[in-house]
Amino acid sequence: MRGQNVELVDVAMRFGAFTAVHPTDLVVEAGEFFSILGPSGCGKTTILRMVSGFLEPSQGEIRIGGTPMRGIPPNRRPTALIFQNLALFPLMPVWENVAFGLEARGVDKPTRRARAEELLRLVALEGQGHKRPSELSGGQRQRVAIARALAVEPAVLLLDEPLSALDLKLRQHMRTELRAIQRRVGITFIYITHDQGEALTMSDRIAVMSQGRVEQVDTPDRLYAAPATAFVATFVGENNLVRGRITRAENGLALADTPLGPLRAANPHGLAAGAEAMLFVRPERLQLGPANGIDNRLAGTIARRALEGPYLHLAVATAAGTELLVHATNRGGLDAWQVGAPVEVGFAAEEAMALPTGPLAADA
Amino acid sequence: MRSLVATYGRGLTALFCGLALIWLLGLIVLPQLFMLERSLWWQEQPAEAFALTKRIDDLYNEVSLLEFDRRAAEGEEVAQLEARIAAKRAEIAELEAVEVAPVRVYGLANYVKMSGLHFWIFVKTIFYAMLVTLLALVVCYPIAFAAAQLASPANAALLLLGLVVPYAINELLRVYAWLMILDYQGVINSFLAWLGLVDFEKRTWVPFLEYPGAVFVAMVYAYVLFMVFPMYNTMETLDRNQLEAARDLGASTWRTHWRVVIPHARPGIAVGCIMTFMLSAGSFAVPQIISRGTGGDWFSQLIYRQFFESFNWNVGAAYAFTLLLACIVFIFLVMRLAGVGIRDIAK
């Protein structure tokens, strides 16, 4: 099995007057674990269905391994799809499920049987081939679906939120499992999810989508550290948001006038003075307590607190009425951080980011 | 039972159970037992005794005729007729005194004395009913599948409505409609005549009604719903993702149906086949109206004749039971073939 790259060139999808996917260019590298992350209805499943061949794009071209895919039906594309509900065939034993793609290709029964057993070993389900899917646990069924998709030796595996039906524990376990399987087989995975945790932990790269548009394509690290839009900043991870107007911009930094007073922040988009901006700062980047030489300092009182063992989550109410979330590491001395206690909060200019105003994840 | 009592109370539960029992006994068990009993005996009489009984019957007929005449008679004719009536009555009384009543003999003779011709018709009927079932299956499978999986909900509803609407019309009228279409000077032949292919004057029309196919067509039309709905019901529960998964894994349409749709719809297909077979094997009206004696009889028509033309209820009951047995065998055969149990069918 060898992965192939997937290219979307100016691909758009319209259903009548509704545009599910606006013209999009996207390249998924061969052998990459690529996630498409977004809230429901953002068009990510539409993209998946276009790549798998169940939908033909209204415009543009999809290429897999350089070959244009228009007019090629799903059963003749080098892709395999894993459905959200897995869509295992309930009346067939597990091994026949796994070997179904081979059966469709006219492979003889002994070979199918042997190949199914091999694949079941790959997903750690040896000797379970004779069972019905209903006799397996949720995680095992998941792995059967993966084995079944891998049996046809696809160059690209498409996964449509396959973990969403599992409970949290199993989901976290399956993330590692999926990632390990992808490393082992080396083919391209395109993974659709609305769960940022899944996307961040498994992917090589992530495309964040909102309302039919790709907002940003980046590695998980970059996506978290340098979100390109207000939507990404609020959809991936938690963020404190302060609205304001830029009063000065120089050397990649901006000074903004906000309800909390003047704040300094990085200015990656080079917003000019006078521009409306949204300032974002991650809760774990806020420092509690008095500190000298820090660019931005704010005073407030602790409105709520939640101790999560090693971490302390605080909501700090400022004089302007804005609430800031602070995630601090538990270094002892918790008595000082009780509800109602006055605190000082500070952050360096580079820790915050001024982005152009735009829709937020909460609006979607 | 306990949950019934808990839900509805003793009174209502007793009512439900009582009604169900009456229905079971009165409409199913007792009539069947009565028929079974009938089929197991016949009347026997020595030849002379039979002649005597026949003579008595004839005398009764003559008496009624004479009585009829007397009512219209006038004058001395009246006395004459009354004398003749009295004479006949006397003869009847005399004969009845020595009449030997026929003896009821129990046995299986009614079941084994079917003539070769009747047995041939029986076999043919079973074969035709199977053929009708097969035809209906072939016709209905794509319809049920389209309605259940391919069409949008609105279109599926329209399609099903279109199937149901004809059933608002009496079955006989539906069959007569086919009669009009297939008749010697019916719609199809008229069309052929218009094309110049047949000539009514020379009676060169196509005798559709004389072919068994005419009965098949009318039956498929008459019973199509009983095939479509059970299939539709099971196919509708098939997850559409299963179809897409099969396709995505490279399966052809044929394989998708063979491996995914048909196994899933098996109970529905079995129920549809059983219903269509039972209805067509036992159908009286369709072959009666369509063939009108121009085509061969169906076994149901033979049963009718035994009961109401030969007045031989005993043989008629035996014939009816034979057909019932054949149907039961067919049911088990289909269930076996489809690998479904009573439970699946009840669903």
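Visitor: Leaving aside its neighbours within four places in sequence, which residues is Thr318(A) in contact with?

Guide: Keep in mind that this is a predicted model. Thr318(A) sits in strand S17 of chain A, which covers residues 311-318. Skip the neighbours within four places in sequence, and its contacts are Leu260(A), Ala299(A), Gly300(A) and Leu324(A).

Visitor: Is Thr318(A) buried or exposed?

Guide: Buried means under 20% relative accessible area. Thr318(A) comes in at 10%, so it counts as buried.

Visitor: Which backbone oxygen does the side chain of Thr318(A) reach?

Guide: A polar contact needs a pair of N or O atoms within 3.5 Å. Here the distance is 2.8 Å, and the oxygen belongs to the backbone of Thr322(A).

Visitor: On to a helix. How far apart are the end C-alpha atoms of helix H5 of chain A?

Guide: H5 runs through residues 168-185, which makes 18 residues. At 1.5 Å a residue, the helix should span 26 Å. The model agrees with that, since the end C-alpha atoms are apart by 26 Å.

Visitor: What do the buried residues of H5(A) pack against?

Guide: The buried residues include Arg171(A), Met174(A), Leu178(A) and Ile181(A). In an α-helix there are 3.6 residues a turn, so residues three or four places apart point the same way. The buried residues of H5(A) pack against several elements of chain A, among them strand S3, helix H3, helix H4 and strand S7.

Visitor: Which side chain does the one of Asp218(A) join in a polar contact?

Guide: Asp218(A) belongs to strand S10, residues 213-218 of chain A. With 18% relative accessibility, Asp218(A) counts as buried. Away from its sequence neighbours within four places, Asp218(A) is in contact with Arg205(A), Ile206(A) and Leu223(A). Its side-chain polar contact is 3.3 Å, and the partner is Gln216(A).

Visitor: Now chain B. What is the area of the nonpolar surface patch with Trp23(B) in it?

Guide: Trp23(B) is part of helix H1, residues 2-39 of chain B. Leu21(B), Leu24(B), Ile28(B) and Val29(B) are among the other residues making the patch. Its area is about 840 Å².

Visitor: How far is the C-alpha atom of Asp69(B) from that of Ser252(B)?

Guide: Asp69(B) is in helix H2 of chain B, and is partly exposed at 40% relative accessible area. Along the chain, Asp69(B) and Ser252(B) are 183 residues apart. Their C-alpha atoms are separated by 84 Å.

Methods: Residues numbered from 1 in each chain as written. Chains lettered and ligands numbered in written order. Predicted model: local features only at pLDDT ≥ 70, side-chain atom pairs only at ≥ 80, totals over all residues. Heavy atoms only, no water. Helix = DSSP H or I, 4+ residues; strand = E, 2+ residues; numbered from the N terminus. Buried < 20%, exposed > 50% of the residue type's maximum accessible area, 1.4 Å probe, protein only. Polar contact = N/O pair within 3.5 Å; in protein donor to acceptor, adjacent residues only side chain to side chain. Contact = heavy atoms within 4.5 Å. Patch = residues over 30% accessible without salt bridge, like charges linked within 9 Å, V, L, I, M, F, W, Y side chains within 5 Å. Areas by Shrake-Rupley, 256 points an atom, 1.4 Å probe, with all protein chains shown as cover. Salt bridge = Lys/Arg side-chain N within 4 Å of Asp/Glu carboxyl O. Expected span 1.5 Å × (residues − 1).
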